[in-house]
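Please walk me through this protein model.

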Amino acid sequence: MTFALKAPRALIFDMDGVLVDSEPLHKRAKEMAFQEAGIHFPESTYESYKGRPDRTMFHEVLVDKSVDEIAELLHRKHQFFEKIEHELQPIPGAVDFVKWAAERYRLGLATSATPRNRAAALQHLGIAGCFESVVDTERFLRPKPDPEIFQVAMGDLKLSPMDCWIIEDSLAGVRAAKAAGSFTVAITTTFGAAPLSEAGADMIVKSFSELQGTMQRL
């Protein structure tokens, strides 16, 4: 689907990799949990699961483990992440952009983070009150690239896909946003422009200042 560029009524943001630079910390926490259990994966495995839920990765790569063993490894990963999350940094320009956008558009958040991690990150950024809709792992069943997460957010906002722009950083996220039927903006914080374009992004930006400049000209 090709979109004519026009101002949206709402913006829906992913969180990890879009608002917070959390991917390196999540990767470290996974490595710590796996190392503790004597498990090693090559760098390519972590790369292939960027932007996808922990549960998806663990169940797909730990095929020789029982359900209980996987649950324990997930628990340990979450514990390790909580120990290092004080190192969490915002994506440059993200907080200012959200505050600017909140004065002009309705905002939603659609994240694969747990409720606890989502709340902690938004509190750390100081932007929790900017979002009318907040969707985390408690509110959807099917992970990206399934569009369910964005459909839940649009349902909260009572808006159609054509009314919303979705801002994503991951390939699975871009595919989910396109499957939801919305104009999709990809920011190159996690992947380069070429794979994001191949995934279907309608617009690719390097920074939030670039995106704000484009939106101000609409």
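A search of the whole structure finds zero disulfides, where a disulfide is a pair of cysteine sulfur atoms within 2.5 Å. Cysteine 130 is partly exposed, at a relative accessible area of 22%. Cysteine 164 is buried, at 0%. Here buried means under 20% relative accessible area, exposed means over 50%, and partly exposed lies in between, using a 1.4 Å probe and protein chains only.

A word on the source. This is a predicted model, where local features need pLDDT of at least 70 and side-chain atom pairs count only at pLDDT 80 or more, while totals for chains, interfaces and linings use all residues. Residues are numbered from 1 along each chain as its sequence is written, and side-chain values use heavy atoms, with hydrogens and water left out.

Now look at lysine 30. It sits in helix H1, residues 23-36. Helices (H or I, at least four residues) and strands (E, at least two) are DSSP runs, numbered from the N terminus. Lysine 30 counts as buried, because its relative accessibility is 4%. Not counting residues up to four places away in sequence, lysine 30 touches Tyr46, Asp54, Met57, Phe58 and Lys77. Contact means heavy atoms within 4.5 Å.

Next, find helix H5, residues 94-102, and helix H10, residues 208-216. Their axes come within 9 Å and cross at roughly 25°. Axes are lines fitted to C-alpha atoms, for helices over the stretch in contact, and angles run from 0 to 180 degrees between N-to-C directions. On the H5 side, Ala94, Phe97 and Trp100 make the contact. On the H10 side, Phe208, Leu211, Gln212, Met215 and Gln216 do.

Which residues of H5 are buried? They are Ala94, Val95, Phe97, Val98, Trp100 and Ala101. These buried residues pack against strand S1 (10-13), strand S2 (106-110), helix H6 (115-125), strand S4 (164-168) and H10.

Finish at aspartate 163, in the loop between helix H7 (148-157) and S4. Leaving aside neighbours within four places in sequence, aspartate 163 is in contact with Pro8, Arg9 and Ala10. The C-alpha atoms of aspartate 163 and methionine 215 are separated by 14 Å. Along the chain, these two are 52 residues apart.
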